[in-house]
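Hi,

Here is the structure I promised to pass on to you. My notes on it follow below.

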Amino acid sequence: MTTVRVLAAGTDTVHASAAGALRPGLKQELSELRARAGENGLNVDLGANTEAFILQPHGWRGYLIWLRSARIELMLGAPDPFPPVFIQWHSPFIHTYGLESAVSMVERWLDQAVMEVRAPLRVSRLDLYCDFQGWTPKVGDLNHFSCRAVRRSLYEVPRQTHLMGRRFSGFTFGKGDVVCRIYDKTLLMAARGEHWQEELWAARNPELPVWRVEFQLRRRALRRFGLETLEQALDSRQSLWSYATEWLSLREPGVDSNRSRWTEAPSWRAIRRARLGSPSSPLVAVRRQEASEERLVRGFVGYASSLGALGPNQDLDEVLRWAGALSARRLGETGREFKDLVESKRSRTRAERLFRLRLHTSAMGAD
């Protein structure tokens, strides 16, 4: 069996809540603004000059207020006995600054702009992962896993246009408090048009796919280890990884009817011994921006060429002038100004623009 090479190992998802008291008047203010939010939400700034949010026109589960940003999902205003604040960190944010810095930045911002009194963050979900090459899972490997989970299933990605049939993409084990997913990470990235993770894989062989083992640990599982706060959970990541990779393990087939007595596969041993760190790169944000621009340009060219096909012109400049005239007529019918649409969407990306500016400044200082 080919030797497994670990490319990156860390934390991909963090969910946490905060008990305490919101800043006076904040809940009422956001509730009134939400009533004016259209289908696409409303741009709001909670202060501290670090976060620009889109206020959603509806809440999230038991939370009255749902705000989205480039860095986090922020939910506010759940009734007692639930904590008034719930936060979900976005993976690109974690992998741009590093996990510890991303958590600290949000904590400082909560204290400055959102909460008057705050208890330590309580963890509700932690996803730990290991990205690797050297072992390519096959469908037949499903029967070689020893797992304490009752549920075990195969899953596939949707049919791709350049393939015949369906391409196997991984496994899922468990449901609820502990779930493991083993999947072709490069295949998923290609399907989503996202490739920023490549900045974390310095030793990657571009000729081979990158696979991921990922464990999702929810609140009840973490509580069984006595982990209440987010700080405790982050300090215990390596122990949690050791437990998870024993909860599920790949075995070499043996004669014993009990799979747990089979010898542990060398590939799984390498994954189990992976050291969880905080993989990060300032280029993650740059790669995400490039991907967004590429998607928009691709869509723009597609629409422009389709519009050109409806008229007599094949020249791009002529088609753009025609498109401008049609767009102006459409805006006139709706009573909206193009500059207002641009400003609205520009404000949605203001946080990401500030994010990139800081990263470039930081990189220049490091040089």
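Threonine 229 counts as buried, at 18% relative accessibility; buried means under 20% relative accessible area, exposed over 50% and partly exposed in between (1.4 Å probe, protein chains only). Threonine 229 sits in the loop between helix H5 (219–224) and helix H6 (230–235), where helices (H or I, at least four residues) and strands (E, at least two) are DSSP runs numbered from the N terminus. Leaving aside residues up to four places away in sequence, threonine 229 touches Pro120, Leu121, Arg122 and Val123, a contact being heavy atoms within 4.5 Å.

Before you go further: this is a predicted model, in which local features need pLDDT of at least 70 and side-chain atom pairs count only at pLDDT 80 or more, while totals for chains, interfaces and linings use all residues. Residues are numbered from 1 along each chain as its sequence is written, and side-chain values use heavy atoms, with hydrogens and water left out.

Now the core. A nonpolar core is a set of buried Ala, Val, Leu, Ile, Met, Phe, Trp, Tyr and Cys residues joined through side-chain atoms within 4.5 Å. The largest one has 70 residues, and Leu74, Trp89 and Val114 have the most contacts inside it. Helix H3 (residues 99–114) supplies the largest share of this core, nine residues. Apart from it lies another core of nine residues, including Tyr129 and Trp201.

Two backbone details may interest you too. Aspartate 80 and proline 81 are joined by a cis peptide bond, with omega about 10°; proline 81 lies in the loop between strand S6 (72–76) and strand S7 (85–89). Arginine 61, although not a glycine, has a positive phi of about 55°, and arginine 61 is exposed, with a relative accessible area of 76%.

Best wishes
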